[in-house]
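Hi everyone, thanks for having me.

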Amino acid sequence: MLSEILTIVIVGAMISAIYALIAIGFTMIFGVGGILNLTHGALLMLSAYAYLVAQPYIGRLGGVITGVLVAALASYGVYMGLVRYIEEHVVITFMATIMAALAIQEAITMGFSQQARVLEPMVPGSIAVAGTRMQYDQLLAFVVSWVLIGLLWYYVTNTKNGRAILATSMSERGAIFTGVDLPQVRRQTWLIAGAFAGVGGLFIGRLQQTSPEMWLEPLTLAFIIVIIGGVGSIKGSIIAAYLIGYIETLTVELIGAPYRVVVALLIIIAVIMYRPEGLYGREYLE
């Protein structure tokens with residue numbers, strides 16, 4: 001019994017760390033620009049496939065760097081080439097990002113087929129933690145997640161450009177009055193969000209599977225996490241990511257894997273009914 005509880009605690013922490021990475025990028029873009037960016041999920045897939053292609057030629061570290069760079073630059077490209085021209089129109093932007101995500105999926109399918117792939121480990125091997133056998137990549141995901149969250153926290157609270165992002169997320173009009181370069185803030189935000197999605201995609205692709213449809217469930221979970229945490233709130237997204245991660249782990253252990261998203265959807269319905277602004281509403285990094 002004790003070993004089962006420890007397994008749930010450890011596995012839940014690993015999964016939650018990855019979900020937090022994915023949800024933070026998603027909510028940053030909404031916080032700064034008010035945009036629900038559905039290409040965010042497709043960036044996970046791009047990162048995983050970039051690692052798949054690059055790793056045999058330039059090694060594991062080179063593959064990781066390539067995957068993150070591809071996702072970050074693709075995110076930047078989506079903003080500069082598409083979203084910035086239509087971002088004032090919420091519905092049009094929403095639909096355009098869906099179409100862009102599906103176009104990326106079709107391109108990946110044409111290039112690699114529908115067949116699911118298995119990525120080479122970033123750090124081969126495993127270790128027993130409190131009686132639970134964990135892959136090194138799972139532990140790496142947990143550590144990397146918190147390092148990146150810490151770096152983001154430092155960036156937005158201790159650097160000029162980071163504080164500009166924070167100010168814009170709180171009040172766009174106020175940020176303009178204080179001389180913030182809004183277009184630059186948005187470009188930075190899309191680049192950072194893409195990099196976070198890239199890291200998340202590498203771990204999703206490695207620990208689950210890499211396929212043209214691998215982005216759909218993580219995007220759904222990211223959306224659920226952001227709604228529960230409060231749209232635009234990074235702190236809320238981190239807390240909600242751990243809430244959903246542990247609920248998913250418990251659901252898989254007690255009921256079965258097919259029900260893990262269903263339970264999360266039931267929770268989001270409850271949140272919408274009793275706390276529609278989410279756990280932290282439109283509250284940002286403090």
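Before the first pair, one definition: a helix axis here is a line fitted to C-alpha atoms over the stretch in contact, and the angle between two axes runs from 0 to 180 degrees between N-to-C directions. Please also keep in mind that this is a predicted model. In general, two packed helices are described by the angle between their axes and the distance between the axes.

Let's start with helix α8, residues 216–229, and helix α9, residues 234–254. Their axes come within 8 Å and cross at roughly 125°. The crossing of α8 past α9 is right-handed. Which residues of α8 meet α9? They are Leu221, Ile224, Ile225, Val226, Ile228 and Gly229. On the α9 side, the partners are Gly236, Ser237, Ala240, Ala241, Leu243, Ile244 and Glu248. Sorted by class, this α8–α9 contact has nine nonpolar residues, three polar and one charged.

Now stay on α9, which also packs against helix α10, residues 260–274. Here the angle is about 135° and the axes are 8 Å apart. That makes α9 oblique to α10, and α9 passes α10 in a right-handed crossing. From α9 come Ile244, Ile247, Glu248, Thr251 and Val252, and they meet Arg260, Val263, Ala264 and Ile267 in α10. The contact of α9 with α10 holds six nonpolar, one polar and two charged residues.

Next, another pair. What is the angle between helix α4, residues 136–158, and helix α5, residues 160–170? It is about 85°, with the axes 5 Å apart. That makes α4 roughly perpendicular to α5. Tyr155, Val156, Thr157 and Asn158 in α4 meet a group in α5 that includes Lys160, Ile165 and Leu166. The α4–α5 contact divides into four nonpolar, four polar and two charged residues.

Finally, take a look at helix α2, residues 39–86. A straight helix of 48 residues would span 70 Å at 1.5 Å a residue, but α2 spans only 15 Å between its end C-alpha atoms. Where does α2 bend? Find isoleucine 58: there, α2 bends by about 140°.

Methods. Residues are numbered from 1 along each chain as its sequence is written. This is a predicted model: local features need pLDDT of at least 70, side-chain atom pairs count only at pLDDT 80 or more; totals for chains, interfaces and linings use all residues. Side-chain values use heavy atoms; hydrogens and water are left out. Helices (H or I, at least four residues) and strands (E, at least two) are DSSP runs, numbered from the N terminus. A crossing is left-handed if the near helix is turned anticlockwise from the far one by less than a right angle, and right-handed if clockwise. Contact means heavy atoms within 4.5 Å. Ala, Val, Leu, Ile, Met, Phe, Trp, Tyr, Cys and Pro count as nonpolar, Asp, Glu, Lys and Arg as charged, and the others, Gly among them, as polar. The expected span of a helix is 1.5 Å times one less than its number of residues. The bend at a residue is the angle between axes fitted to the seven residues ending there and the seven starting there. Angles under 35 degrees count as roughly parallel, over 145 as roughly antiparallel, 65 to 115 as roughly perpendicular and the rest as oblique.
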